[in-house]
Amino acid sequence: MIRAVIVMNTQGKPRLLKFYEFQPPEKQQELTRSVFAVLSGRPDNVSNFVEADAIFGPVIFSSLLFVSFVAEITKKKKQEEFKEGTRLVYKHLATLYFVFVFDSCENELAMLDLIQVLVETLDRCFKNVCELDIVFNFNKIYNNQMKTTVFMYVELGSSYVQMHTILDEIIFGGQVLETSSERVLKAVEEISRLEKSSSSVSFVPKSVSGRFGR
Amino acid sequence: MAATSSSPSLVDTLFQRSLDDLIRALRSSSSSSVLEAAAIARALDEIRREIRSPDLDTKAVALQKLTYLASLHHLDMSWAAFHALELLPSPSLPHPRVAYLAASLSFHPSSTDLLPLATHQLRKHLAPSPSNTPALVAPALHLLALASSADLACHLASDLLPILSGPLRPKAIATALRAFAVCPDAAPVLFKPLVDCLSLSSEPRAVSAAVSAFCELALAAPDPSPYLPLAPEFYRLLVDSHNNWVLIKVLKIFARLAPLEPRLAVRIHDPVCHLLRRSPAKSLVFECIRTVLSSLSDHDAAVRLAVDKIKEFLASDDDPNLRYLGLQALAMLGPAYLWAVEESREVVIQSLNDTDTNIRHEALCLIMGMLCESNVVEICNLLIKYAMKSDPDFANEILDAVLATCGRNVYELIVDFDWYVSLLGEMARNPHCAKGDEIERQLVDIGLRVRDARPELVLVARDLLIDPAPLGNPFLCRVLSAAAWVSGEYVESSRNLLELVEALLQPRTNRLSSLVRAVYIQAVFKVVTFSFISFIKQIQAFDTKSSADRNAAFESENGVATADKAVIFDSIDNNETIKHESVSHLLDFVETTVGPLSECDDVEIQERARNVLGLIHIIRETRYWDIVAEHGLTRDKKISEIVELMEAAFSEELGPVSTNAQKRDTVPEGLILNENLSDLAEILGDIDVTPCTSILFSLRCHHPTETKEDSAPVIEPSSLLAEHRKRHGLYYLPTEKDEVESNDYPLASDPLLAVSHVDDAKDIVKLTAQSFIPRKAKPTKPRPVVIRLDEGDGVSRSGLTMVKEFKDDLLSGAIRNVLLGNESKPSSSRDMSSDRTSRRGENDASNNNDLFSQPKESNALDGRKHRKSSSRKSRHHARHKEKNGSPGNEDIEETSHRHSTRSSRHQGRHKHRQRGDAPPDVVSQEPVIQDFLL
């Protein structure tokens, strides 16, 4: 399963955090920091995988499956044999790191492709939504298959919520459900259509909210 | 912000800031952390006020803002759990969506007490109704997936069923998977629809989700055998599916199942090889390689194909990811396929020079895996030299790898210990060396275990001790401690005692920690003792000889033999004569340098210093010491007494202690080991009882006057030692350096020379061109005896056995029950689940302990579920009938024809079972797993 999705900027500030196993806020902060520490130390043009057992530890999901087993293991200090093989794969695009943390149930290269799906979807989705906040940047993408535009700085609220919506269409509860950005976009559009039709009242009039712009 | 929290302004109450506003405010203040913290605090105050508002829109926006802050600024939002729940029933779609997002990011059974309150609302949202659009059901499912407690999962399991056949099937499957994890009791309800999703007729995304779920379950289960009955379905997907994601997952499942059923490997061989050859997707190819290496390693053609693909990966210069994974795949090959690694040798070695730490690490692991007796010398020499010029992290990684590999299983790879010992010395000289502890351990350990290595060990120790440079390096003080101990313990191999003592007492030793310094002084003690004993013995030997010869050879002499004339005859290994002056000088030097230490603050140092001074005092006290007439010395009874005592003190050799030594000790009568020792803590109070390392070296530290009580109990394999001693003599001189070319390593003391040898990885490649081929050439030097105490010594026991022994868990039990809990007659061999159930029944009856036997509690559970799930069984049966007619089953049918004889046998066995008198031996003769698809 995918254990976490982290999007952060090159200063280490998280832009999107999704942990598919519950982590208390302090732990989230710690994990984000350790991931950033590892990634910032890696030059460009090196492989995109990092062994992350030391950072993330054994999978909570699995330990739920056989709690007594894990207890037995820790008692005998045999964690070596019980390595989950947690890894992370990341992609550094413009000023952002996209990080997927996954265990041995996932294929490394497939995860790399999935990051590409996420980035592409975000890119296509935000092109028309809030242009001001998206800086287009041409980046050479994995395996020089294609050149793609990459959004750089998605931070506005509507984008933040939409990012969650997009991510939930691709990864759900740690499982990969959708790998076509077309279909993800379609589903996301459908959701926003439903949301709009359901509530005639918009949250706050735009003109008013603009007052607090600074 | 204090102002805003105490009295909100009119504007604040009228106009709420949206999430966009919040983010803009945060961004404008992000220049300084103080400003940002203030902005966050202000926003939180705002949110706390707004979230209590009766207006749901206000509440929703506040919750949205809080979610953002909590997630990206790591704030606790558990206090707002109730407000999220309040928003769930709202008819406006955005409200529950905001609430679900907040809940799925922050709720967890361990921290959210209010979770049960969500049950009703979740059920309402999951119910099939036109108002429950996917936009509402999906986030509800997500909350259930991420934050579900066992109770919640159990209560809502049945509510998932309608969704498992609707358009939101994939999401429902992922949710069901998580429900299993927290609540195995949900398995009977949810497992069947999950299996149904595997059928070809299902929507592709549902198939993909279901396969993912099974992959997750099979890989996490300690015993995946309950999933074996699904093998035909997975096989069909493997052959028919064109979706790479599905194929990858199916391959992972097969890799997990193949060890359980050998025939699976034969069956998947062809499709896997086909994919390996044809697939353009690198991810799928890599998964195929992994599957081949883990499950098809007996099939040479497949392995050959996989190795070729690995080479393609390794050759992709522009993609470090493929190179990295290629190296990892090589590492998976294992010792049986060294030829494959050998074929890619150059790439592997060049990878040591890669900029990517991942790739370097994998290359190092591979090289260490290739080590064997014949190439260990060359490769390790090269690696250690390479470590000299690489960056600190990688240098230590190399040192670590070399130490671990060479030390493995009591140095099984090492033939030439002289070389290895000097290599250890060289490692200690690496400027980045931080592995002092392990080097220390191995130096001492080799001293204890390998008698033949001691002379070289002492030489290496001498070089380390004489050099003042390492004294200031905190990482090396452990190595120095070992060096000091080695030179003291094996002082008889030392060439120049005075030099050694000078090194041990050089002024810069005051930079060492007191514990290491204590070891130094204890070594001085041993040196002084040794030189004195040798001296006396030498005279005694001379006396004996001369008294015998006196009449003949020395008759004309004055009858006063001076020590200068004394010659060592045989008992002392030093070729030089020990002179009275030199011993005297040694004593003087030690006395003057150790003298001040007897006032040292540190007790460890002080005690040992006084020991040394006491010994010197006793020696000087003897009547004849100061007289040049040595001859009379031996006649002093006291002298011979001292010599005897001191000899006794150090005569017994220290040996390695078996890890099981304590177990073998019989418990004395009347000693109750399990007695509560808690009252001891009271007595001990604050005393630190953690054993300090100096104990290791001070085992035999006694005051000279108490030497009688010496010789701490040391366990040693006396028979081995005795035998060895007989063969080599007490003072065994090493054979001179042999002429093997592999021995031309540079001395440990010239790191500069070593560095200059290696310029880049190309040199390494050149140098090791031959070294990976295991040479059959016999070593000119036989491997010295290495003392091994027992099978438990140094051998790490693998935990695999434990994993296998581990009993099945509840979930597996439940799933097995779903898959196998079908009593219907096997209409074809395809219906293997019922077949297996019946056999399990037999096994239970006959208490046969085969693959399917289960722990008792799991059986009890099974029984309970059998009763619960009778209706399910009929459905299951119906499905099988229906499936038999569906397309895509030709394959299976074919196999059923092939095994028609076998299925007839099943029927026969069923009759046996019905009669209830199945002879157990018939059962045990049958293969454990009957034909599934094979």
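Here are a few friendly notes on a sheet in chain A and the cysteines of chain B, all taken from a predicted model.

1. Start with the record. UniProt, in an unreviewed entry, lists residues 1-143 and 160-193 of chain A for "domain: AP complex mu/sigma subunit". In the model, the span 160-193 is 71% helix and 12% strand, and its end C-alpha atoms lie 18 Å apart.

2. Now find the open sheet in chain A: 5 strands in the order S2-S1-S5-S4-S3, with antiparallel pairing. Strand S2 (14-19) and strand S3 (49-51) of chain A each have a single partner strand, so one side of each is left without a neighbour in the sheet. On average, neighbouring strands are turned by 15° against each other, direction ignored.

3. Look next at one pair of strands. Strands S4 (residues 87-93) and S5 (residues 96-102) of chain A run antiparallel and are joined by 7 bridges. A:Lys91, for example, has A:Phe98 in S5(A) as its bridge partner. Chain B takes part here too: its helix H19 (residues 320-333) packs on the sheet and touches S3 and S4 of chain A.

4. How many disulfides does the structure hold over all chains? There is 1, and it joins B:Cys154 to B:Cys183, with 2.4 Å from S to S. B:Cys154 lies in helix H10 of chain B and B:Cys183 in the loop between helices H11 and H12, so the link ties together parts that are 29 residues apart in sequence.

5. Is B:Cys183 buried or exposed? B:Cys183 counts as buried, at 2% relative accessibility, while B:Cys154 is partly exposed at 35%. B:Cys288 is in no disulfide; its nearest cysteine sulfur, that of B:Cys273, is 8.5 Å away.

Definitions and conventions: Residues numbered from 1 in each chain as written. Chains lettered and ligands numbered in written order. Predicted model: local features only at pLDDT ≥ 70, side-chain atom pairs only at ≥ 80, totals over all residues. Heavy atoms only, no water. UniProt positions renumbered as here; feature names shortened; annotations may be inferred. Helix = DSSP H or I, 4+ residues; strand = E, 2+ residues; numbered from the N terminus. Pairing = 2+ DSSP bridges. Axes fitted to C-alpha atoms, helices over the stretch in contact; angles between N-to-C directions. Contact = heavy atoms within 4.5 Å. Disulfide = S-S within 2.5 Å. Buried < 20%, exposed > 50% of the residue type's maximum accessible area, 1.4 Å probe, protein only.
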